[in-house]
Amino acid sequence: MSQHSRIEILSASPAAIARAARELAEGGLVAFPTETVYGLGGDATSDLAVAAIFKAKGRPSFNPLIAHVSSLDQAAALVEIGADAHRLAERFWPGPLTLVLKRRAASPVSLLASAGLDSVAVRMPDHPTALALIKAAGRPLAAPSANLSGRVSPTRADHVAQCLDGRIAMVLDGGPCRVGVESTVLDLTEEPPTLLRPGGVTAEELEAVLGRPLRRALETPDAPRSPGQLASHYAPSLPVRLDALAAEPGEALLGFGIAPECVLNLSPKGDLDEAAAHLFAMLRALDRPDYLGIAVMPIPERGLGLAINDRLKRAAAPRSPS
């Protein structure tokens with residue numbers, strides 16, 4: 001679709017859903033309705049599709065994205081679902097509850113979608129169009145709100161078209177969103193379970209199912225509201241040195257553009273979309289005991305480079321003592 005084309009708004013018929021699923025399978029982006037807000041959907045297992053989501057939103061940093069699933073079995077292929085998660089899913093899924101769970105070792109979810117963390121946020125939306133699209137796509141869909149970053153979240157298809165025209169291929173129109181506010185986000189990776197974001201399911205409802213109180217992240221100034229807000233998070237175990245023109249002895253050089261001496265290169269052709277897609281996987285690949293540190297070549301401060309540099313600064317930030 002050209003940058004000058006009008007975005008297509010398609011009534012969510014079976015034929016339109018099948019077409020949208022093909023667009024997603026080819027790495028494209030499709031906006032679709034959920035019960036909360038319209039989501040900007042892309043293949044959650046594709047680094048390039050996830051990078052395209054950040055680019056389309058003009059998102060300032062690589063915040064973790066929610067992987068939307070159509071069944072508990074599909075979620076179980078992505079994350080470790082313990083007894084608490086099972087109970088909550090049986091009670092509130094499909095519905096406006098996102099669970100942050102430990103990612104499986106073989107989880108296909110892009111590291112870019114989870115901001116490089118060892119957890120994945122998952123949700124089963126309570127909307128027939130969303131569930132039909134996820135099933136037709138045959139893969140989990142990363143889907144932040146379908147708007148430019150910082151703008152009001154869209155609850156109608158025309159809101160999406162006004163905001164993202166020229167940036168995505170199509171919007172599936174499923175009518176106005178029923179809930180209109182984002183999902184509750186609950187982190188089950190630690191004890192006690194932590195409420196990261198209030199939403200459509202109340203803390204009291206969650207506590208009734210779990211049988212114990214939650215920790216409220218909003219009441220704790222030092223706790224991040226969502227994964228990735230701490231100055232240093234999924235930092236590699238090795239120190240990271242930024243704006244390096246060459247590696248020092250013992251370092252692995254992570255290149256960008258022309259870099260013949262690098263161990264890995266985010267994008268030999270200097271493409272920021274490609275660099276964003278490779279960032280987390282390459283940082284992990286270089287986080288090895290045979291190196292003393294990771295040196296990263298300069299990344300331009302434009303477009304997705306702003307988000308890449310934000311993430312690299314977090315990776316290089318001073319570590320809190322353990």
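**Terms and what they rest on**

Analyst: Val-30 stands opposite Met-170 in β8. This is a predicted model, in which local features need pLDDT of at least 70 and side-chain atom pairs count only at pLDDT 80 or more, while totals for chains, interfaces and linings use all residues. Residues are numbered from 1 along each chain as its sequence is written, and side-chain values use heavy atoms, with hydrogens and water left out.

User: What makes β2 and β8 paired strands?

Analyst: Two strands pair if DSSP finds at least two bridges between them. Strand β2 (residues 30-32) and strand β8 (residues 170-173) are joined by two bridges, and they run parallel. The two strands therefore count as a pair.

User: How do you know what counts as a strand or a helix?

Analyst: Both are DSSP runs, numbered from the N terminus: helices are H or I with at least four residues, strands are E with at least two. In the protein chain this gives nine helices and 15 strands.

User: Why is the protein chain called as compact as a globular protein of that length?

Analyst: The radius of gyration, taken over C-alpha atoms, is set against the globule rule, 2.2 Å times the number of residues to the power 0.38. The chain has a radius of gyration of 20 Å, close to the 20 Å that the rule gives for 322 residues, so the description applies.

User: Why are β1 and β11 said to stand at the edges?

Analyst: The open sheet has 11 strands in the order β1-β8-β2-β3-β7-β4-β6-β5-β9-β10-β11, with mixed pairing. β1 (8-11) and β11 (215-216) each have a single partner strand, so one side of each is left without a neighbour in the sheet.

User: What makes both faces of strand β15 covered?

Analyst: Buried means under 20% relative accessible area, exposed means over 50%, and partly exposed lies in between (1.4 Å probe, protein chains only). In β15 (residues 293-296), Gly-293 and Ala-295 on one side and Ile-294 and Val-296 on the other are all buried. Across the protein chain, buried residues make up 53% of the 322 residues.

User: Which strands pair with β15, and how do you know?

Analyst: Strand β12 (residues 240-241) is joined to β15 by two bridges and runs parallel to it; here Val-240 stands opposite Ile-294. Strand β13 (residues 251-255) pairs with β15 in the parallel sense over four bridges, and Leu-254 has Val-296 as its bridge partner.
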